[in-house]
Amino acid sequence: MTSRLPPILLLLASAAALAAVLIAQFGFGLEPCHLCTLQRVPYAFGLLVALAASLEGRDQRQRGMLLSVCALIFATNLGLAFFHIGVEQHWWESACAEAQKLSSNAGGLLARLKAGKAEPACDSVPFQIFGISLAGLNLIFSLVLTVYAALAARRTFQQS
């Protein structure tokens, strides 16, 4: 019998991350920028793959492969978070930040007012915890999940 604990923990961590950003958005009115929204996608995929890995009837090899996929998914999110931090720190530009700058003229402002709300710029940091932006927290969390999923996959393959 293979251990279902690692995929269940990854499933719960993904669900917690998604719940946290949805509470921040809808409970506290913290509107996400385009890059913030993109960083939610790997958590959704990670949740689904971890769910598949946690199902009864999986053998060691199948569970190890799915945990490896989870590690790749969270590594992708790690890259997205690093890119977002770079945009926030003005190390490089993104289309999200550029679009915000271009819409600052009168026509763009009128279009945003008609739409009802403006999407926040990706290069602004509206909220920090201990001086770390939400993209920074996502980077840390994604790093932890990437390492955990990779180690769990390795352990699972070694047991087979």
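**Entry 1: α1 against α3**

I looked up the handedness of the α1 and α3 crossing and found that α1 passes α3 in a left-handed crossing; a crossing is left-handed if the near helix is turned anticlockwise from the far one by less than a right angle, and right-handed if clockwise. I note that this is a predicted model, in which local features need pLDDT of at least 70 and side-chain atom pairs count only at pLDDT 80 or more, while totals for chains, interfaces and linings use all residues. Residues are numbered from 1 along each chain as its sequence is written, and side-chain values use heavy atoms, with hydrogens and water left out.

I took helices (H or I, at least four residues) and strands (E, at least two) as DSSP runs, numbered from the N terminus. Helix α1 covers residues 5-27 and helix α3 residues 41-54; the two pack at an angle of about 155°, with axes 8 Å apart. The axes are lines fitted to C-alpha atoms, for helices over the stretch in contact, and angles run from 0 to 180 degrees between N-to-C directions. That angle makes α1 roughly antiparallel to α3; angles under 35 degrees count as roughly parallel, over 145 as roughly antiparallel, 65 to 115 as roughly perpendicular and the rest as oblique.

I then listed the contact (heavy atoms within 4.5 Å). From α1 it involves P7, I8, L10, L11, S14, A15, A17 and L18, and from α3 Y43, A44, G46, L47, A50, L51, A53 and S54. Ala, Val, Leu, Ile, Met, Phe, Trp, Tyr, Cys and Pro count as nonpolar, Asp, Glu, Lys and Arg as charged, and the others, Gly among them, as polar.

**Entry 2: α1 itself**

I checked the length of α1: its 23 residues reach 31 Å from first C-alpha to last, close to the 33 Å expected at 1.5 Å a residue. The expected span is 1.5 Å times one less than the number of residues. For burial I used under 20% relative accessible area as buried, over 50% as exposed and partly exposed in between (1.4 Å probe, protein chains only). The buried residues of α1 include P6, P7, L10, L11, A13 and S14. They pack against α3, α4 (60-88) and α7 (134-159). Just after α1, I noted that G29 takes a positive phi of about 70°.

**Entry 3: α3 against α4**

The axes of α3 and α4 come within 9 Å and cross at roughly 170°, which makes α3 roughly antiparallel to α4. I found P42, Y43, F45, G46, V49, A50, A52, A53 and S54 in α3 meeting R63, L66, V69, C70, I73, F74, N77 and L80 in α4. The contact of α3 with α4 has 13 nonpolar, 3 polar and 1 charged residues.

**Entry 4: two residues of α7**

I located Y148 in helix α7 and found Y148 partly exposed, at a relative accessible area of 27%. Leaving aside neighbours within four places in sequence, Y148 is in contact with P6, L9 and L10. Y148 and L9 are 139 residues apart in sequence and 9.7 Å apart in space, C-alpha to C-alpha.

T146 is also found in helix α7; T146 is buried, with a relative accessible area of 14%. Not counting residues up to four places away in sequence, T146 touches A71, F74 and A75.

**Entry 5: the chain**

I recorded 7 helices and 2 strands, running α-α-α-α-α-α-β-β-α from the N terminus on. Of the 160 residues, 36% count as buried. Among contacts between residues at least 6 apart in sequence, 76% join residues at least 24 apart.
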